[in-house]
Amino acid sequence: MDKYQEQPHLLDHHLEGMMNSLLEIVWDSGSPPPLVHLAFKFLYIITKVRGYKRFLPLFPHEVRDLQPVLDMLAKQNPRDPETWETRYMLLLWLSMICLIPFDLARFDGNLVSLEGQARQPTMDRILDMAKCYLVVSDKARDAAAVLVSKFIVRPDVKQSRMADFLDWMLSMLSKSSSQTMEGTVIVNGMLQALVNTAFPLKDCWVYAATVLECLDSCKLSESNQMVLRKLGMKLVQRLGLTFVKPKVAKWRSAQGAAVQNQKREVSPAEADDDDEEYDIPAEIENVVEQLLVGLKDKDTIVRWSAAKGIGRITGRLPKELADDVIGSLLDCFSFQETDNAWHGGCLALAELGRRGLLLPSRIPDVVPVMLKALTYDEKRGACSVGSNVRDAACYVCWAFARAYEPAELIPFISHISSALVIAAVFDRDVNCRRAASGTFPHGIDILTAADYFAVGNRVNCYLTISVYIAGFSEYTQPMIDHLVNMKINHWDSVIRELSTKALHNITPQAPEYMANVVLPRLLPLSVGSDLHTRHGAILACAEITHALCKLAQDNNRSVTYYFTEKSLEGLKQIHQEVCSQHKSIFNLECCMVFNKDLQLRQLCGWQWLINDSLRHLTLVSSAARQHIKESAVSALAALCNEFYINERGEADPALQDELVTQYVSELQNSEEMIRCGFSRALGALPRFLLKGRLQQVLEGLKKVTVISPEDVSFAEARRDALIAIAKVCQTVGVKGDGCQQEFVCRDNVDQIYATLLTGVTDYTTDSRGDVGGWVREAAMSSLMEVTLLLVQNEAELINASICKQIMCWLAQQSAEKIDKFRAHAGSVFLTLLHFDHPAVPHIPHREELERIFPRWEKETLNWNAASEAFPRITQLLGLPAYQYHVLLGLSVSVGGLTETTLRYSAQSLFDHMKKIQSDPSALGSFCETLLKVFEDNLRNDRVSVPLLTMLDQMLANGCFDMFTEQENHPFPLKLFTLCKEEIKRSKDIRKLRSSIGVFCGLIQFRGDMREKVFFQLFLLLCHPFPIIRKTTASQVYEMLLTYSDVVDPAIMEQAMAILSDTNWEAELPVVRERRNCLCDLMRVPRPQLVAKVRWECAPGAAFSMELSLRMFPASCRTRGMAEAAA
């Protein structure tokens, strides 16, 4: 049925056939109960998709069906949670059968049963069923309400049982509390039954006042249950309709009446009925008051129900009373009211307008309210409310266009159309923009550009569509005024920035208005106290000034053509006011004003402002910091190019010396963000300022990249310094025989590469995680940029050693565990490999690399996916130049914690090991490299811990089976020595547990290795950490099961019993005794405790050292003591 959810009417031709097939199972007396329940469950699924109202008439509803359905329903357990679909469908079926046009008393016959007991009349049976299911908590309650609504209005039931049944419902309603779960269920059932009961029918109005009074006493508006409040609102409006005549008001507007008459056939009696006055019951005032309160409810569905009720009841009131209702409704649109009241009021206005109940005399009162609602936006905490109000206001406009004659709306059409265009282009929410794109002047042209899909992109609306619409003179000024008044002070910074960019784009449409009206209005706001307004005003000044300058240039006019002296003075004052208040966050905007308006030479003092911005980056949030830094740096570049260069294209020596020396000195500041800012500033300096100062700049940046104990956590500073080095190199250019103070040349290229390559080895971690990754990423990008720069100019400056280092380090990064950095490294690796304008020289194994990484896969290979990256990168293990670095990277990935990375990296490594099993030289080379990696990274936990895990997996997967047949092979002996050295004095649980697996795997090698392994494992059986003792015992047990040939079969069972039965988490003396038994049993020397040694020095001074030698076999104890004494 799922495929029919969107178009359920397609089922209509098949509904009857499906129902008959399922009812055959129900009628079949041989069907087991589970099958019957399943049939009803399928019926419920069909009903849910198509709706019960369409499905209900298809049920068999003949006289003969009544008793069987009643009997089936009587057999059901109302509390069974597994069969509620059966009860639901039976109640719906019964609601259809009870419409048979025969008195139910005729079905009772003789009410005395065969046993002599009186039988219950059919009418009472049905009512009792309804009462029973109206108070259950499952879906059957809804069907019971439908049954009541259809059954209670039967003539025979209405006459004899209706009053009593209503009394029962009202008493249940009064006694139940909506604050409890049980009470909520009961109140829900009663309200559904009352709502569905057709009160507007003849003779039912006599009960309406009683029901309304009971409803008032329940105080449903105070309930926290949205469903109860909605049902209460529906019931109130239906009760209200019973108090007024069912007539159509003749005072409605003609067009609104025509629209409604198209949807509803008006009876001749209604159409000819005169508009005579008649008494309106007092209860109507209560009903209208409750509906007006409902318009302010916190839930949309309740407000929508109340709005529809206002429309229906107002349509039956006399003109004067209806106007009073409209007046009370307009009170919702006060700024003391919440957004809920505004939304409910808009929905009610739309309903009234749609029905033609808002007369033209009320349009002047309603239109201003509607225009305010179209821009309603209130900030609440970190977000805002009002999108539903603006959406409903668009619905009001839609209703008005269909309710009034065009001539009646002409005085207001310009205001309404401008507001709708503004909402369609500048509203923050896409649903409001789409709702507002309707019919207005130039509607066809505008809707072609601003159709349903075009307005879905907010940036496109602000920067493209708005420019097109501003070309129509009717909308230019209103759009500008809206942006200045409502959007540049918006709480969302994205909206503020887009608004100022829109002002920049619209400026050519109205330059005089921008210069003479908008700019003078913005200047006071740019130095005001409200943060959002100041931010938006400064940005707007920047964008408008920039646009006016460009426009003047394009028209061959002076850049100050559009500016008055007062405007120029106001622009000068912006940065002075901001700086005097030490609000460094606004330096960003001032820098942007400067960056966009350097051509106004009257503006001065910007250098200090840029420097101050870079010095105070620590005072702003991390989210804004990068944006401020980039804006200040771009402003610095523009300032230098505009003002610091003379006619000969050179810099003033004194100014150059002061600027460069100041910036280089700031690189050693104790604040990390200051180093970041001035590093990037040096990278942005133009060539004429770097001329003769290149070495000074490079040395300063190099010092930033060096890790020292004081600034080990300054990863962002190192990152920005590496980026700056690449920028400086690109700025000064390459000249092989040139001066190292002016160009990248033979004398300094090695220094530059050494600095960049140092960044690739940065693995600093702190509370933020792998912050060294930022440095490595920047180093890889800078290496690529510098290398391509050299290749395109003087490739001979790149020597083979440097190129090999670059490619090997990139290969290592491409094999590591973090997806982001692996992908970046892989991208840089392939860029250098496949660059051919000209090709990068001296790349090791270029042909093999191009075979592994074909050129056509450069853009398609997904390095982020471990399943694609590792099968490729492990192939580099077969290339001698890359083997060491790739294995170093793989060891971190294979021994890592991320499941996906671990799985694919390990599988790729094992596949490579299988390929070289038959090649002793390749396997030997691999093992030598593996031992070299281990030896170079001893005690480096970043590598050694995952490396131990990788070795454990490789030993378990038989990667070194070739060596197991040889006695005392050097590989396992060296590996054992390195593992033993790695865990010496270690308290790292993960490292110790990984080493246990390695030791157990080494037991498979023949020779003296086995005794050493057993001795090391027995040492760990008495480790101070209980978890290590327990893990060791468990893995030794598994080891003996796997490699049963390493122990004499005669003692195997006893040894395994000791390992499995001993509580290895007990006290050390107990554990040590059991361990010694195991040593004696397997003829392994018992480890012995080493005594503490204390040395006494001269009188008055004492020096003591506690030996950390842990335990030695008895044969080694004397030698160990002698070494300690020495």
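Predicted model: local features only at pLDDT ≥ 70, side-chain atom pairs only at ≥ 80, totals over all residues.
How many aromatic pairs does the structure hold? I counted rings of Phe, Tyr and Trp (its six-membered ring) as paired if their centres lie within 6.5 Å, and the structure holds 24 aromatic pairs.

Residues are numbered from 1 along each chain as its sequence is written, and side-chain values use heavy atoms, with hydrogens and water left out.

I looked up W27 and W93 to start. Their ring centres are 5.4 Å apart with planes at 75 degrees, so I logged the pair as edge-to-face (planes over 60 degrees apart; under 30 is stacked, the rest tilted). W27 sits in helix α1 (residues 12–27) and W93 in helix α5 (residues 84–97), 66 residues apart; helices are DSSP runs of H or I, at least four residues, numbered from the N terminus. W27 is partly exposed at 38% relative accessible area, whereas W93 is buried at 0% (buried is under 20%, exposed over 50%, partly exposed in between, with a 1.4 Å probe and protein chains only). Ring pairs also join W27 and W93 with F55 and F59 in a cluster.

Then I turned to F960 and F971. Centres 4.7 Å apart and planes at 45 degrees make this pair tilted. I found F960 buried at 2% and F971 buried at 4%.

Last, I checked charges over rings (NZ of Lys or CZ of Arg within 6 Å of the ring centre and within 35 degrees of the ring normal). R434 has its charged end over the ring of Y452, 4.1 Å from the centre. R942 lies over the face of Y763, at 3.5 Å from the ring centre.

Key:
Helix = DSSP H or I, 4+ residues; strand = E, 2+ residues; numbered from the N terminus.
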